[in-house]
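Welcome! Here is a short tour of some side-chain and packing details, written for someone meeting this structure for the first time.

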Amino acid sequence: MAKRDYYEILGVGKTADDKELKNAYRKLAKQYHPDANPGDKALEAKFKELNEAYDVLKDGQKRAAYDRFGHQAFEGGMGGGRGGGAGFGPEFNSSMSDIFEDLFGDFMGGQRGGQRGGRGRGGSGATRGSDLRYNMEISLTEAFSGKTAQIRVPSSVACEVCHGSGAKPGTTPKTCTTCNGQGSVRSQSGFFTVERTCPTCQGRGQVISDPCSNCGGQGRVQKERTLSVNIPAGVEDGTRIRLANEGEAGLRGGPSGDLYIFLSVRPHEFFQRDGADLFCKVPVSMTVASLGGDIEVPTIDGKKARVPVPEGTQAGKQFRLKGKGMPVLRSSQHGDMYIQVAVETPVNLSRKQRELLKEFDQEARNNSPESEGFFAKAKSFWDSFGS
């Protein structure tokens, strides 16, 4: 079953800020919480779904990836908060900790919040790089056989001088003294504790007093890279290929993002594609269609196929060539190729050809059953109106 949109689950728009997300989450979490609805499996499932949606949208990096690629951004386990097993599995229990922190963290003196800041914003100050998109156009024959392509991608790469740290060689980033490396500071206001991003290190937990002159303290520089992309046989228009860790380099030694190759397949001069099947419209002369014969047609692998045309073949007749279509992605199977006959009416007739056709028409008897049957039915139709 298709997964619901995360914004729809939380009941907010795509422009919702962190405060709106948190308020919507709190309201629904209290409504669906298993402790408030013991034994209700339907609400338990909604609670898990809500937890997963909020776990993604509250994280800036995950939210950016979701906004760009939807649920596909988290294929292979990248998504957050999927509960598993009977009752509550370990992933669900881990997310439960975040739930109670988000709901009640402000009333617990900030202890858990400080620990969480050390894992997230604080520490090394590293930030994951952005994902990149590359559009590639290939031919239908390349989609049939597959290929290895070389592409040039302009992106950010780790600085070779400072090795991604952002600090001048021989020096290291220092722990921020304002937040003690946590990336956030807390202040007490009566009964409430307010947490905000550290103004000194902007949430990174570290301060670079002597930045690298090559990258200006960013830990990365702009560079065009040449990458090899393996395109498997059988890809279709719109196929997406993910190259892990080939996106933009992370800030100050953070992990790189991913590179997504989006494929588009050019139209072919002979073939139209429908899944793994190919269709080819072939003109056939009136004499061959009438008397029968053989025709040679091209196949997608660059070879020829001989197709027998029976006597009396009508326009639109299809002939199937089994296994002559496109390969099915990641399998040994192939689709079929269909030849559609288009009977061609002769043009530029000579005087003798005209005379022969007139003579044939005068001698014709029951040679065109479809047209004779159609006009017989049409005559009955007109007669029913008394005309």
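Which residue in strand 15 does Gln318 stand opposite? Gln318 stands opposite Gln340. This is a predicted model, in which local features need pLDDT of at least 70 and side-chain atom pairs count only at pLDDT 80 or more, while totals for chains, interfaces and linings use all residues. Residues are numbered from 1 along each chain as its sequence is written, and side-chain values use heavy atoms, with hydrogens and water left out.

**Strands**

- Helices (H or I, at least four residues) and strands (E, at least two) are DSSP runs, numbered from the N terminus.
- Strand 14 and strand 15 pair in the antiparallel sense over four bridges; strands pair if DSSP finds at least two bridges between them.
- Buried means under 20% relative accessible area, exposed means over 50%, and partly exposed lies in between (1.4 Å probe, protein chains only).

**Aromatic pairs**

- Rings of Phe, Tyr and Trp (its six-membered ring) pair if their centres lie within 6.5 Å; planes under 30 degrees apart count as stacked, over 60 as edge-to-face and the rest as tilted.
- The count by this rule comes to nine aromatic pairs.
- Phe69 and Tyr260 form a tilted pair, because their ring centres are 4.3 Å apart and their planes lie at 40 degrees.
- This pair links distant parts of the chain, with Phe69 in helix 4 (residues 60-69) and Tyr260 in strand 9 (residues 259-265), 191 residues apart.
- Phe69 is buried at a relative accessible area of 10%, and Tyr260 is buried at 1%.
- Phe279 and Tyr338 are stacked, because their ring centres are 5.1 Å apart and their planes lie at 15 degrees.
- Phe279 is in strand 11 (residues 277-285) and Tyr338 in strand 15 (residues 337-344), so the pair ties together parts 59 residues apart in sequence.
- Tyr6, Tyr7 and Tyr66 are linked into a cluster by ring pairs.

**Charges over rings**

- A charge sits over a ring if NZ of Lys or CZ of Arg is within 6 Å of the ring centre and within 35 degrees of the ring normal.
- Arg133 has its charged end over the ring of Phe262, 3.8 Å from the centre.
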